[in-house]
Amino acid sequence: MVDRLANSEANSKRIAVVESCFGAAGQPLAIPGRVLIGEGVLTKLCRKKPKSRQFFLFNDILVYGNIVIQKKKYNKQHIIPLESVTIDTVPDEGDLRNGWLIKTPTKSFAVYAATATEKSEWMNHIGRCVEELLQKSGKAPIGEHAAVWVPDSEASVCMRCQKVKFTPVSRRHHCRKCGFVVCGPCSDKRHLLPSQSSKPVRVCEYCYLQLTSGNHTPRSECISRPGSKFNNDNLTDEEEEDDSSD
């Protein structure tokens, strides 16, 4: 189906509409062989709280952005090459249901669909696109991925020392290696994580010791916290709220 649609006029028009919705700030999306597979609104688990984001699945990339005007305008365009993507299901918990992880070397996060059927469609289509890309390129799946950030609301005290209580003065920080919410003293180290930044990034004391000893064992990527249609550099924690947690 993808090969049949690649050079069709209908596909070209659909991609042009997506480009126009992002405006001049968005990157061009139309290239030879690219097909828009599906689109829809998913709830993305961000640092502060879950937020609605518009997602577009192409046969080679996943694009998402903030919703400014429903079905008419989006901003803060993010483009993720599917070759680097791994997906894993997330167990249902409370109001956060029908979720899965989108993991890449530079950024990993959880998203949630409105229904179990939508979740299944999204995961099946993403998985099929990734598989076909890897088969064509002959590349192996990416083995290491960025940690999924634990939401601020899940930690009232530092997840490492278990002593420092977070207040307006004692701020939350995130370790870029494990994704834990940690206090300043427990995350005063920096270490180079080339897949995430060209500069050393904030890591917690535990991860720093593991990284410098060359014996790192990452924490589990699985987190248990928090309508679609288909065609058959190093940021501060504050910036991450609207970017990588976005």
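This is a predicted model: local features need pLDDT of at least 70, side-chain atom pairs count only at pLDDT 80 or more; totals for chains, interfaces and linings use all residues.
## Nonpolar cores

The largest nonpolar core has 23 residues, and those with the most contacts inside it are Phe55, Leu82, Trp100, Ile102 and Ile126. Two or more residues each are given to this core by β1 (36-45), β2 (50-58), β3 (61-69), β6 (99-103), β7 (108-112) and α3, and the largest share, seven residues, comes from α3. Apart from this core lies another, of 17 residues, among them Val182, Leu193, Val201 and Cys207.

Leu82 touches, leaving aside residues up to four places away in sequence, Leu57, Phe58, Asn59, Asp60, Ile61, Leu62, Ile126, Cys129, Val130 and Leu133.

## Leu133 in helix α3

Leu133 lies in helix α3, which spans residues 116-137, and with a relative accessible area of 17% it is buried. Not counting residues up to four places away in sequence, Leu133 touches Asn59, Asp60, Leu82 and Glu83.

## Salt bridges

The structure holds eleven salt bridges. One of them joins Arg34 to Asp60, with the closest N and O atoms 2.8 Å apart. Because Arg34 lies in the loop between α2 (9-22) and β1, and Asp60 in the loop between β2 and β3, the pair ties together parts that are 26 residues apart in sequence. Arg34 is buried, with a relative accessible area of 10%, and Asp60 is buried as well, at 19%.

Glu83, another residue touched by Leu133, meets Lys139 in a salt bridge between their side chains (3.1 Å, N to O). This pair links distant parts of the chain, Glu83 being in the loop between β4 and β5 (86-90) and Lys139 in the loop between α3 and β8 (173-174), 56 residues apart. At 25% relative accessibility, Glu83 counts as partly exposed.

A salt bridge also forms between Glu205 and Lys189, whose closest N and O atoms are 3.1 Å apart; Glu205 is in helix α4 (residues 205-213) and Lys189 in strand β10 (residues 189-191), 16 residues apart. Glu205 is partly exposed, with a relative accessible area of 30%, and Lys189 is partly exposed at 27%. Elsewhere, Arg47, Lys48 and Asp152 are linked in a network of salt bridges.

## His78 in strand β4

His78 lies in strand β4 (residues 73-81) and, at 10% relative accessibility, counts as buried. The side chain of His78 makes a polar contact with the side chain of Lys107 at 3.3 Å, and the His78 side chain also reaches the backbone oxygen of Lys76 at 3.3 Å.

Conventions
Residues are numbered from 1 along each chain as its sequence is written. Side-chain values use heavy atoms; hydrogens and water are left out. Helices (H or I, at least four residues) and strands (E, at least two) are DSSP runs, numbered from the N terminus. Buried means under 20% relative accessible area, exposed over 50%, partly exposed in between (1.4 Å probe, protein chains only). A polar contact is a pair of N or O atoms within 3.5 Å; within protein, one must be able to donate a hydrogen and the other to accept it, and residues adjacent in sequence count only if both atoms are side-chain atoms. Contact means heavy atoms within 4.5 Å. A nonpolar core is a set of buried Ala, Val, Leu, Ile, Met, Phe, Trp, Tyr and Cys residues joined through side-chain atoms within 4.5 Å. A salt bridge is a side-chain nitrogen of Lys or Arg within 4 Å of a carboxyl oxygen of Asp or Glu.
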